[in-house]
Number of protein chains: 4
Amino acid sequence: MPPTEHPIHSSEDLQQIVDDVYARAARDLGKGKVATYIPALARVPIERFGMAVATNDGYFASAGDAATPFAIQSVSKVFVLMLAMRLRGASLWNRVGREPSGNPFNSLVQLEYEKGIPRNPLINAGAHIATDCVTAGHADPKQTILDEMRRLAGNDAIDFDPEVAASERATGHRNAAIANFLKANGNLESAVDDMLDVYFHQCSIAMTCEDLARAAGFLANRGVDPRTGVRIATERKARRINALMATCGLYDAVGSFAFHVGIPAKSGVGGGMMAVVPGDMAIAVWSPGLDRQGNSYVGVRALEIFVNAIGRSVF
Amino acid sequence: MPPTEHPIHSSEDLQQIVDDVYARAARDLGKGKVATYIPALARVPIERFGMAVATNDGYFASAGDAATPFAIQSVSKVFVLMLAMRLRGASLWNRVGREPSGNPFNSLVQLEYEKGIPRNPLINAGAHIATDCVTAGHADPKQTILDEMRRLAGNDAIDFDPEVAASERATGHRNAAIANFLKANGNLESAVDDMLDVYFHQCSIAMTCEDLARAAGFLANRGVDPRTGVRIATERKARRINALMATCGLYDAVGSFAFHVGIPAKSGVGGGMMAVVPGDMAIAVWSPGLDRQGNSYVGVRALEIFVNAIGRSVF
Amino acid sequence: MPPTEHPIHSSEDLQQIVDDVYARAARDLGKGKVATYIPALARVPIERFGMAVATNDGYFASAGDAATPFAIQSVSKVFVLMLAMRLRGASLWNRVGREPSGNPFNSLVQLEYEKGIPRNPLINAGAHIATDCVTAGHADPKQTILDEMRRLAGNDAIDFDPEVAASERATGHRNAAIANFLKANGNLESAVDDMLDVYFHQCSIAMTCEDLARAAGFLANRGVDPRTGVRIATERKARRINALMATCGLYDAVGSFAFHVGIPAKSGVGGGMMAVVPGDMAIAVWSPGLDRQGNSYVGVRALEIFVNAIGRSVF
Amino acid sequence: MPPTEHPIHSSEDLQQIVDDVYARAARDLGKGKVATYIPALARVPIERFGMAVATNDGYFASAGDAATPFAIQSVSKVFVLMLAMRLRGASLWNRVGREPSGNPFNSLVQLEYEKGIPRNPLINAGAHIATDCVTAGHADPKQTILDEMRRLAGNDAIDFDPEVAASERATGHRNAAIANFLKANGNLESAVDDMLDVYFHQCSIAMTCEDLARAAGFLANRGVDPRTGVRIATERKARRINALMATCGLYDAVGSFAFHVGIPAKSGVGGGMMAVVPGDMAIAVWSPGLDRQGNSYVGVRALEIFVNAIGRSVF
């Protein structure tokens, strides 16, 4: 391995890098557009910007609005996927693929041509399959998901945002279209409304960058939560979730992100992003202005600058 | 970085791993189907299997038919892309995208919906763009490509296989369809037949696994040929080519390969595969039996076993 | 106009032709497959076959199971379209196209590529638009539709089949997917469930061939019900509905039907078909065995033989 | 049959109607856009407008530029289809469908999804199949086509326009893409270039409205040329060609044209249109300004006004 540009030997080292990256990425604040399809997202100021990094070695640093909760939205897909993999093992992949979609994130076209088998679990249709597994496999699936997020982040205050969940449901006709199509193709076990209720709630989970950086620790650390030492997933599963993020995590910008940044990441429409330097650290950024592909404009910039700073693209 | 399972401190260490991987992967020999669309490919025995690995540290090992030349076919796309990036820089990306295609490798559907802009340079349509740049940018583009391959592999005996080139041309109606469609959309500078002539020749280049493992060295070594110390591409470009291979290199199996293997790779219809462990080593495998996605059945297995053995998935 | 082969000067003349056509078409009874997605359809014997013809001159003839009610299913789309045209006039065509779909009848692909504007009002998605107009435009839309069917057929016993309506709703996930997609694209005024309730009821309307042949009279007679003399639609609208049936009425078999038969027609999954010889007569056939395009196997045959017998393809 | 509004009992009657229709349609002259992809089309003044009508009874009338030759372009597809049907009979339909395309006229998308079987013989891909049959089935296919056009129009001066043919070839990359794709799918007997040479020539045939109205006579007259009494096609074949024009003749405007006009027609990019009132008459119009669907703006208007005037929509 070539030496990193910025060897990190303490939280102070890390904080210095994070502060520098934050300052440079903040120059783009105001770019992009805040999602407006629900009021709770629309009223978030575009200038919000938080960042947090947690290394496998136990170093931690954060900057800006890193302690402000936001709706994690599609970032939740990664964690619910992990729960579904735990419940179903390899059989999960009979119901959902592992290939990039090559289409915008909620395309029904792909779903129809491929007979109701979503391309991967990180687009909406595929996430419905994972949520369906959790819905069918747990007595109180919403509580199961919430408990897992609290455990991973080490923060029992994490909760659903009921306003977001209600708004998602009220405007969620496209998700209802997808779920009904899956049901029509025999690829949904739960009742459509039951699965959607869980799905809209998982999207509404409110977390901070600090929470998210900690919650992603097991993905950076080969399956073991570096904070608690608890194994959350096998090493193989952790690597595989990272591989899925790298090839499918950013909708129609996955190739461009790999090209420019080069680490596994997952974004949400609220402007949150969770990224992993496998073997090293987890990173969370949040800024609500979205680029044309639906990813946080400043978040992508921050990750690009950070990865260049530490010299740790996986490629 | 976590310690690798098999630390490699000599060519002997490496040879032992390669021998072991070879033996295990060889159990699947006979699986898959040899491409039959041209006689020169159809008559290659399915039992052929070669493997070679070259580390950045200068260690080298090979096994089986590693010294037998085969038509590298689509593996050539990576090298011609590098030449096109050298000629055109960032402006290349106005003519071709960087996203996974989400469709079989020679789809006209995507091309039509996206107005003649191929999704990425590692599918046929996108490779036509790269070849077009080289065709327009060099006086003798076929010789330019050949010279580059000879230099990278350190083997002046590398040459086109004229029978393969002629057969590709005679049966290449689908490539002619794509190239004419690009021309109709104003995204081809050269005459259709000129570009196709170069393209069919680059596909016909005959190399061995040993050649290929050496030729890929600069991608494993941040742009510098580890054998000669010559810089072939900037570090950034080398990383970016690796990112493109990781997200677009294996047609409709890119996600599955990332999931199971987890390193950048490019395959060809002749059964050759070139893979890179960034920062560490380059690997070439060849076995002509293809799986349903068009990748070498035994080649994919060998890479999976090898990556597990050295513990070096990028994820 | 060339002389018809069988000039019809009385109901007896017509009955003779109908009997002959019926006997010849009945040889194919048993071919095709009865729809099985709901029990009420699945249990209809495939040997059922009815036919009725009503001319503008007042002649009438029928054969076989012409007095047995069946669920008219998609045939209802024609009548609800007429009601929507009456309510909205030309503005209806801002929300739905008039072109053949070129895809199977409930395709979401077309809908997604064309931003939620269905191709025509005789595929499911387009029929949702027409039903939405009626749902939004009448206080009791189900009763409005039922009243119109009773008036047109001159039969107050016509009613919904509650078992069919309930089964359609219970299994109607694909229609729910379409309706939610329309809503997500801002092309549905009513609540999704309200529109679907009307839609599933209109599909469940139980009528006989005799009813249907009479109900279609205004389409054969330039907009005036030949039985009552009441104008149901303008001549222009009647012609236009016929044109829509001719180009869009038989899903993916519209071209083949025009080629082989050559008159406007609309089919339903229950095996019913309604056809019009413009200026002359209306025809209804029913036989539940469906061909691969979802049209009544024997029904299509009967119409082909009948049109040949009277020499009155529109082409 | 209801009485027509304008009973036509002489060429004078007909001329009066044609003059009136011409005057009203001419108000829209200047609307639309002349095709510019080849110089020979681009330089035709948008104000050109001709019209001719030939009835089965032998009446004839024309107006405006009815004696000026223009390139018939896609109108030729109808005649070459007739020649292919004559050569191949029903087996032709194994290679090309009879359904509307539901996509713009030269779509490769449909072709790819349907494995190289064009949707119908009146879109470019399907016309290639018909031309391929004629190319394979006649010693001098270009002369065969020319001879047929001369015979049908009764005008030996009809000829190819060599400038148009050459320009079509030079710019015909999209047609070359389609033809190569058909060849790649095993659905082309001739060499690609041979078929394309015939195709580009048939498109270049220069005829007048007077020629075209006469040439279409057999389609209006159940297969018999009303001018000569010679049977050109069986009644069934003539009806079937009309049915294909009605469902597939106007690209993505076939439904709208049926809705507004309601007779079988075929258009060409040169602004020519040929239409048939089955059993009654053939009509040719020409005006080079094209609407957004690629049909003559004034031509469509003239046909709509004419059909309303004679009260003879087929619906």
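A: Two strands count as paired if DSSP finds at least two bridges between them, and the strands (E, at least two residues) and helices (H or I, at least four residues) are DSSP runs numbered from the N terminus. This is a predicted model, in which local features need pLDDT of at least 70, side-chain atom pairs count only at pLDDT 80 or more, and totals for chains, interfaces and linings use all residues. Residues are numbered from 1 along each chain as its sequence is written, while chains are lettered from A and ligands numbered from 1 in the order in which they are written.

Q: Is strand 2 of chain B mostly covered or mostly open?
A: It is mostly covered, as 6 of its 6 residues are buried, where buried means 20 or more other C-beta atoms within 10 Å of the residue's own, exposed means 12 or fewer, partly exposed lies in between, and C-beta atoms are placed from the backbone. Both faces are covered, with B:Gly50, B:Ala52 and B:Ala54 on one side and B:Met51, B:Val53 and B:Thr55 on the other.

Q: Switching to chain A, what is its secondary structure?
A: Chain A has 14 helices and 8 strands. Its radius of gyration (taken over C-alpha atoms) is 18 Å, close to the 20 Å that the globule rule (2.2 Å times the number of residues to the power 0.38) gives for 315 residues, so chain A is as compact as a globular protein of that length. Buried residues make up 63% of those 315 residues, and the C-alpha trace spans about 55 × 40 × 35 Å along its principal axes.

Q: Next, the contact of chain C with chain D: how many residues does each chain give?
A: Each of chain C and chain D gives 33 residues, two residues being in contact if their C-beta atoms, placed from the backbone, lie within 7 Å. On the chain C side, helix 12 gives the most, with 8 residues. That side divides into 14 nonpolar, 12 polar and 7 charged residues, with Ala, Val, Leu, Ile, Met, Phe, Trp, Tyr, Cys and Pro counted as nonpolar, Asp, Glu, Lys and Arg as charged, and the others, Gly among them, as polar.

Q: What rotation superposes chain C on chain D?
A: A rotation of 180° does, with 0.0 Å of shift along its axis and an RMSD of 0.0 Å, the superposition being by least squares on the C-alpha atoms of residues with pLDDT of at least 70 in both copies. That is the relation of a two-fold axis, and 100% of the contact residues of chain C recur in chain D.

Q: Which residue of chain C comes closest to that axis?
A: C:Gly102 does, its C-alpha lying at 2.1 Å from the rotation axis.
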